[in-house]
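Let's take a walk through a protein model together. Have a look at the picture first, and then we'll go piece by piece.

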Amino acid sequence: MELFKYTAHQLHEKLVSKEISAVELTKSVLARVDAVEKDVQSYITQTRESALEQAEAVDAKIGQGQAISTLAGIPGALKDNMCTKGTKTTCASKILANFIPPYNATVVEKLMAEDTVVIGKANMDEFAMGGSTENSGFFQTRNPWDLATVPGGSSGGSAAAVAAGEAIWALGSDTGGSIRQPAAYCGLVGMKPTYGRVSRYGLVAYASSLDQIGPITRDVRDCAHVLNIICGHDAKDSTSINTGVPDYTKSLVNDIKGLKIGLPREYFVSGMDPEVERAINKAIEQLVALGAEYKEISMPHTEYALSAYYMIAPAEASSNLARYDGVSFGERIEGSDIIDMYKKTRSAFFGAEVKRRIMLGTYALSAGYHDAYYVKALQVRTLVKQDFDKAFHDVDVIITPTAPTTAFKLGEKTNDPLAMYLQDVCTIPVNLAGVPAVSIPCGFAGGMPIGLQIIAKPLGEETLIRTAYTFEQNNDYHKGFAPLLEVK
Amino acid sequence: MKITREDVANVALLSRLEFCESELETFTGQLDAILEYADVLNKLNVDNVEPTAHVLPLKNVMRADEAKPSLPRELALANAPEQEDGYFKVPKIMEG
């Protein structure tokens with residue numbers, strides 16, 4: 001088997017036993033990028049030279065008999081909204097097409113301290129606004145399971161890279177489902193940790209009260225390894241949680257006896273693919289057979305969550321994106337006066353979806369509408385959060401589909417923003433409540449992967465890992481490679 | 001209609017965006033559909049419900065008032081579209 005097909009923990013074993021070198025591994029992944037990138041288009045920027053230098057440094061350490069960390073020398077991808085010092089960070093926006101950050105995001109510093117190898121910066125929906133990566137200002141990433149379909153979004157490049165063998169692991173960011181949904185569409189494990197668990201310092205802001213960084217990996221063990229590295233308090237992010245980080249690999253336990261699962265009936269929405277529903281029900285049966293208890297629960301405010309989100313996120317975005325004014329960084333178009341410069345710059349370089357959300361958010365915050373839309377959405381957010389608080393009195397985890405369907409065709413929803421937004425219906429409430437959730441593969445419909453979403457209470461990542469790991473170890477869904485991997 | 005073309009034109013001004021006539025038309029239709037959908041929020045009684053702007057119980061996160069290393073000026077200016085004498089340069093904003 002080619003090296004790019006293994007998981008990170010398998011490759012770590014091979015590095016430690018000196019069966020392979022880190023340079024050999026990085027070259028295998030780079031050769032894979034050369035072979036498939038024209039079809040998949042995961043990367044906005046490739047960092048091949050520094051990747052090989054990082055790999056050489058790891059080989060030197062191994063050669064000197066030094067211990068290496070679990071992700072040392074393992075090639076990964078970063079979503080292009082995480083600042084990398086000296087390497088372009090575009091957010092897939094033309095307005096940042098030439099932006100070279102003068103500093104690293106905290107997650108990047110943490111990964112560098114563990115000697116990871118970074119292959120490149122992954123494509124995404126512009127400013128993380130979208131669910132298909134079709135809103136990238138540069139090009140369209142394709143799903144390695146079927147090149148005519150979307151990889152999901154907004155972390156579509158990260159997910160496609162891992163599924164196609166162009167990276168072994170990746171980081172994404174999740175504001176309304178942007179890690180979990182692409183992980184589901186690409187047959188991968190994607191976790192959005194508890195809000196505040198991972199520092200947002202150096203993550204280009206979309207909706208600050210919802211954004212969270214997390215891993216996209218090929219199995220649950222890799223997810224735990226990446227979490228171990230990226231979680232933790234950061235003085236540079238005043239919203240990061242100041243409590244200790246457990247060793248998540250300790251939760252890789254194949255046992256869920258007595259686990260209480262809640263199945264909220266409100267998540268089985270109309271328009272859901274019956275095969276997705278079947279797969280989720282089958283997964284529940286299996287978890288029960290493995291010793292879990294399950295009950296139906298009700299989360300009555302679920303139907304309002306999507307509307308609340310599409311007021312709150314655009315409102316925060318309209319404020320966050322005010323900084324792209326052509327003054328201190330990013331592109332500029334000269335105008336007759338400074339206001340004209342702002343307007344010309346922003347209109348020329350923002351894409352349609354970004355403009356739509358800025359407009360929607362500005363409207364929701366404007367005089368006369370602020371109470372009717374924005375404040376009301378924040379009140380509904382309270383009710384959505386209370387639904388979760390109540391549910392977690394009775395159950396340990398909540399299980400839902402990650403998305404109502406499998407990956408849809410390219411172009412299918414681009415002219416109907418609302419239809420695109422409806423794909424987020426199962427993931428958005430989790431961000432509003434700030435709780436952690438993971439998507440894991442749980443079957444296929446028409447050859448395309450289906451994602452199972454497991455949700456836990458705040459700081460319940462260990463429960464997520466344990467539940468996900470138990471399901472995974474009793475199934476083979478995560479072992480299937482995207483067809484592209486086999487054909488090419 | 002939840003939103004008119006005039007509203008959209010006004011929001012565009014507030015957003016520092018400009019649109020041609022056909023774009024205004026498209027945005028009005030799309031924003032109207034989204035606001036129509038969001039109207040479901042008004043079905044809910046939220047009297048006496050506190051708004052949640054943020055899920056964490058954090059308030060006034062401070063650090064000690066100590067000087068720490070910061071970005072050197074030339075790095076902070078490195079991405080500036082225009083700069084002069086160590087400052088960001090913008091078009092004139094005052095008369096005279």
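Which helices do the buried residues of helix 1 of chain B pack against?

## Helix 1 of chain B

They pack against helix 11 (352-365) of chain A together with helix 2 of chain B. The buried residues in helix 1 of chain B include Asp7(B), Val8(B), Val11(B) and Ala12(B). Here, "buried" means that 20 or more other C-beta atoms lie within 10 Å of the residue's own, with C-beta atoms placed from the backbone. Helices (H or I, at least four residues) and strands (E, at least two) are DSSP runs, numbered from the N terminus.

These four residues sit on the same side of helix 1 of chain B, because they cover an arc of only 140° around the axis. That arc is taken from the directions from the helix axis to the C-beta atoms. Just after helix 1 of chain B, Arg16(B) has a positive phi of about 55°.

## Before we go on

This is a predicted model, where local features need pLDDT of at least 70 and side-chain atom pairs count only at pLDDT 80 or more, while totals for chains, interfaces and linings use all residues. Residues are numbered from 1 along each chain as its sequence is written, and chains are lettered from A and ligands numbered from 1 in the order in which they are written.

## Where the chains touch

On chain B, 40 residues are in contact (C-beta atoms, placed from the backbone, within 7 Å) with 53 residues of chain A. Helix 2 of chain B gives the most to its side of this meeting, with 7 residues. Sorted by type, the chain B side has 31 nonpolar, 5 polar and 4 charged residues. For this count, Ala, Val, Leu, Ile, Met, Phe, Trp, Tyr, Cys and Pro are nonpolar, Asp, Glu, Lys and Arg are charged, and the others, Gly among them, are polar.

## Strands side by side

In chain A, strand 7 (residues 260-264) and strand 8 (residues 293-297) run parallel, joined by 5 bridges. Strands count as paired if DSSP finds at least two bridges between them. One bridge links Leu263(A) to Glu296(A).

How values were computed: Two residues are in contact if their C-beta atoms, placed from the backbone, lie within 7 Å. A residue is buried if 20 or more other C-beta atoms lie within 10 Å of its own, exposed if 12 or fewer, and partly exposed in between; C-beta atoms are placed from the backbone.
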